[in-house]
Amino acid sequence: MEINSGIFLLVGAALFSIGLAIVLLKRHAIMVLMGVELMLNAVNLNLIAFSQNDPERLQGQLFSLFVMIVAAAEAAIALAIILQVYRHFNTVQLDELNELKK
């Protein structure tokens with residue numbers, strides 16, 4: 001049974017749009033991180049959907065695996081930074097962090 005890759009692209013575009021809206025609208029650092037992860041997952045879905053057109057090469061799957069590895073490292077580093085910011089400022093609201101502006 002062949003599934004139309006346009007459905008995957010539509011879902012990927014919707015996920016990317018939702019992630020972008022979260023990054024732009026939310027001011028909680030954890031929510032922003034979740035939005036970035038959602039955008040990376042949308043990119044992975046699009047890479048896999050595009051790789052269906054060329055089944056002999058595994059470039060889409062390899063790029064997707066690379067994005068997952070980078071996303072895992074990014075999440076670990078971002079959470080460590082958020083924990084240090086919370087220890088110093090006692091908040092994770094991005095609007096309240098203004099010491100770096102001076």
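Predicted model: local features only at pLDDT ≥ 70, side-chain atom pairs only at ≥ 80, totals over all residues.

Me: How many residues does helix H3 have, and how far does it reach?
Reply: Helix H3 covers residues 59–89, which is 31 residues, and spans 44 Å from its first C-alpha to its last, close to the 45 Å expected at 1.5 Å a residue. That expected span is 1.5 Å times one less than the number of residues. Helices (H or I, at least four residues) are DSSP runs, numbered from the N terminus.

Me: Which residues of H3 are buried?
Reply: They are Gly60, Ser64, Val67, Ala71, Ala75, Ala78 and Ile82. Buried means under 20% relative accessible area, exposed over 50%, and partly exposed in between (1.4 Å probe, protein chains only).

Me: What do they pack against?
Reply: The buried residues of H3 pack against helix H2 (29–51).

Me: And what follows H3?
Reply: Asn90 follows H3, and its phi is positive, near 60 degrees.

Me: Which residues make up the largest nonpolar core?
Reply: It has five residues: Ala29, Leu33, Ala78, Ile82 and Val92. H2 and H3 are the elements that give two or more residues to this core. A nonpolar core is a set of buried Ala, Val, Leu, Ile, Met, Phe, Trp, Tyr and Cys residues joined through side-chain atoms within 4.5 Å.

Me: What does Ile82 touch?
Reply: Not counting residues up to four places away in sequence, Ile82 touches Ala29, Ile30, Leu33 and Val92; contact means heavy atoms within 4.5 Å. Ile82 counts as buried because its relative accessible area is 14%.

Me: Is Asn44 buried or exposed?
Reply: Asn44, which has its place in helix H2, is buried, with a relative accessible area of 8%. Leaving aside neighbours within four places in sequence, Asn44 is in contact with Ser64, Val67 and Met68.

Me: Changing topic, how many salt bridges does a search of the whole structure find?
Reply: The search finds one salt bridge. Asp95 forms a salt bridge with Arg27, and the closest N and O atoms are 3.6 Å apart. The pair links distant parts of the chain, 68 residues apart, with Asp95 in the segment after H3 and Arg27 in the loop between H1 and H2. A salt bridge is a side-chain nitrogen of Lys or Arg within 4 Å of a carboxyl oxygen of Asp or Glu.

Me: How exposed are the two partners?
Reply: Asp95 counts as exposed at 55% relative accessibility, whereas Arg27 is partly exposed, with a relative accessible area of 36%.

Me: Finally, which residues form the nonpolar patch on the surface?
Reply: Phe16, Leu20, Leu24, Leu25 and Val43 form it, with about 450 Å² of accessible area together. H1 gives the most to the patch, with four residues. Patches are made of residues with over 30% relative accessible area and no salt bridge, and nonpolar side chains (Val, Leu, Ile, Met, Phe, Trp, Tyr) are joined within 5 Å, like charges within 9 Å. Accessible areas come from the Shrake-Rupley method with a 1.4 Å probe; for residues, only the protein chains shown count as cover.

Definitions and conventions: Residues numbered from 1 in each chain as written. Heavy atoms only, no water.
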